[in-house]
Amino acid sequence: MATVVLGVTGCIGVYKACEVLRELQRHGVDVRVVMTEHAMRFVSVLTFEALSHHPVFVDQFALGGESDIQHVSLADEADLLLVAPATANILGKFAHGIADDALSTLFTATTTPVVVAPAMNVNMFRHPAVVANVETLRARGVRFVEPGTGYLACGWLGQGRLAEVGDIVAAALAALARRRDLQGDTVLVTAGPTVEDIDPVRFVSNRSSGRMGYRLAEAARDRGARVVLVSGPATVPEPSGVETIRVRSAQEMADAVAARVPEATIVAMAAAVSDYRPGTVAPRKIKKSEGGLTLELVRTPDILRSLGAAKGGRFLVGFAAETDDVRGNARKKLAEKGLDLIVANDVSRDGSGFAAETNAATLLDAAGGEVEVPRTSKRELAERIWDRVAELRGRSPGGTQPRSHEGTEAAE
Ligand code: CTP
């Protein structure tokens with residue numbers, strides 16, 4: 001039975017949390033409740049104790065009774081932390097790592113997926129501080145159930161009303177289903193740029209930050225996969241719970257992928273691999289002289305194409321960063337490289353591509369399907385990519401059967 005920790009904070013929408021709890025129970029979920037001091041001004045602890053059939057956790061310093069360090073034991077037990085309603089105050093604490101009560105402490109102690117349903121006055125919801133906190137949390141993988149628009153308890157008309165019970169429950173159930181849909185899989189993700197040396201101090205590279213691949217690796221880890229991340233020199237921090245192999249050049253990346261691909265059931269090549277490298281690397285720094293300098297560039301191995309040529313039952317995901325005819329070029333790459341899915345994005349658009357924390361993409365698959373993902377955080381795009389992978393492999397969300405793969409061929 002799945003366990004959901006329901007965090008309840010203080011605002012008028014709190015009564016809906018009781019219905020959320022009941023609905024989750026109807027779906028066979030065990031619900032444990034954590035309340036903030038402010039929530040207790042709206043609804044009594046007794047209400048949630050009676051509904052959940054468990055003690056409610058409100059004070060991380062309470063003595064006696066349950067002797068466990070509750071914020072840690074609950075954090076470990078939970079399959080999902082759902083916070084509904086979530087005030088501007090709790091979002092601020094979550095975003096900044098402030099752990100001064102039971103719920104905020106539990107949030108910082110848990111590695112489980114988190115879904116929040118904000119509720120607040122419209123001006124609070126639009127306040128730059130709240131907007132920034134929401135963006136920070138989204139980028140870290142927290143899922144939001146958007147508040148509704150209408151008349152708010154404070155008399156204002158606008159966005160801020162707690163989402164409907166059905167939407168909150170659906171988001172929680174979807175997050176629970178995702179939690180294990182890559183269990184049994186070994187996912188090989190590549191990320192970052194590659195760097196091709198010209199001489200000991202100069203190189204040819206590109207503007208990839210590694211963010212998209214890192215978010216893909218983190219999302220796969222959170223969905224139960226064993227993850228191997230082969231990374232070029234990226235500018236984002238290394239994810240925890242993932243085996244990271246550092247490489248520099250396209251050839252090094254090709255070698256690392258070849259070594260690890262036999263164990264992979266899914267490969268996602270998010271790396272921006274240099275297509276060319278200098279024909280020779282000067283052993284000493286090249287000194288300037290009169291006139292220009294011509295560099296001779298030669299092709300690097302196409303790693304993904306090699307994987308497609310010796311695919312076995314492995315599921316292959318490629319990326320296509322395009323500025324023109326995005327769909328057409330991506331479809332061509334999908335076919336030529338023998339891929340199952342390609343993530344095409346238009347890097348000429350604002351908020352898409354390399355350095356941005358957000359991205360928009362079209363997911364094109366080998367069966368002709370197309371899914372449009374509008375601009376969103378790279379973490380959310382990563383989730384949508386894994387959702388699509390799960391659908392295309394015909395694996396029901398939450399299934400645990402590892403897909404067999406007969407092929408163990410390595411890339412060249
Ligand atoms: N890729 C690879 N090995 C290379 C180059 C690219 O595995 N040497 C992978 C990338 O990780 C990405 C996909 O192939 O998943 C991108 O395809 P590619 O044709 O290389 O895209 P571009 O380099 O953008 O190609 P072009 O310049 O022709 O548009």
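This is a predicted model: local features need pLDDT of at least 70, side-chain atom pairs count only at pLDDT 80 or more; totals for chains, interfaces and linings use all residues.
I266 stands opposite F315, a residue of strand β16.

Strands β13 (residues 266-269) and β16 (residues 315-322) run parallel and are joined by three bridges. Both belong to an open sheet of eight strands, ordered β12-β11-β8-β13-β16-β17-β18-β19, in which the pairing is mixed. At the edges stand β12 (243-246) and β19 (370-377); each has a single partner strand, so one side of each is left without a neighbour in the sheet. From one strand to the next, the twist averages 20°.

Helix α13 (residues 378-392) lies across β8 (186-191), β13, β16, β17 (341-346), β18 (358-365) and β19. Its direction is at about 155° to β19.

There is also an open sheet of five strands, with the order β2-β1-β3-β4-β5 and parallel pairing. Its edge strands, β2 (30-35) and β5 (143-144), each pair on one side only. Within this sheet, four bridges join β3 (residues 80-86) to β4 (residues 114-118), and the two run parallel. V83 stands opposite V116 in β4.

Helix α2 (residues 45-52) packs on this sheet, where it touches β1 (3-8) and β2. Helix α4 (residues 88-96) packs on the sheet as well, touching β3, β4 and β5.

| Helix | Strand | Angle between directions |
|---|---|---|
| α2 (residues 45-52) | β2 | about 170° |
| α4 (residues 88-96) | β3 | about 140° |
| α13 (residues 378-392) | β19 | about 155° |

The largest nonpolar core has 34 residues, of which L6, V8, L24, V33, F48, L82 and I168 touch the most other members. At least two residues of this core come from each of β1, α1 (15-26), β2, α2, β3, β4 and α8 (165-178). Helix α8 supplies the largest share, six residues.

L6 shows what such packing involves. Leaving aside residues up to four places away in sequence, L6 touches A17, V20, L21, V31, R32, V33, V34, L82 and A84.

Methods
Residues are numbered from 1 along each chain as its sequence is written. Side-chain values use heavy atoms; hydrogens and water are left out. Two strands pair if DSSP finds at least two bridges between them. Axes are lines fitted to C-alpha atoms, for helices over the stretch in contact, and angles run from 0 to 180 degrees between N-to-C directions. Contact means heavy atoms within 4.5 Å. A nonpolar core is a set of buried Ala, Val, Leu, Ile, Met, Phe, Trp, Tyr and Cys residues joined through side-chain atoms within 4.5 Å. Buried means under 20% relative accessible area, exposed over 50%, partly exposed in between (1.4 Å probe, protein chains only).
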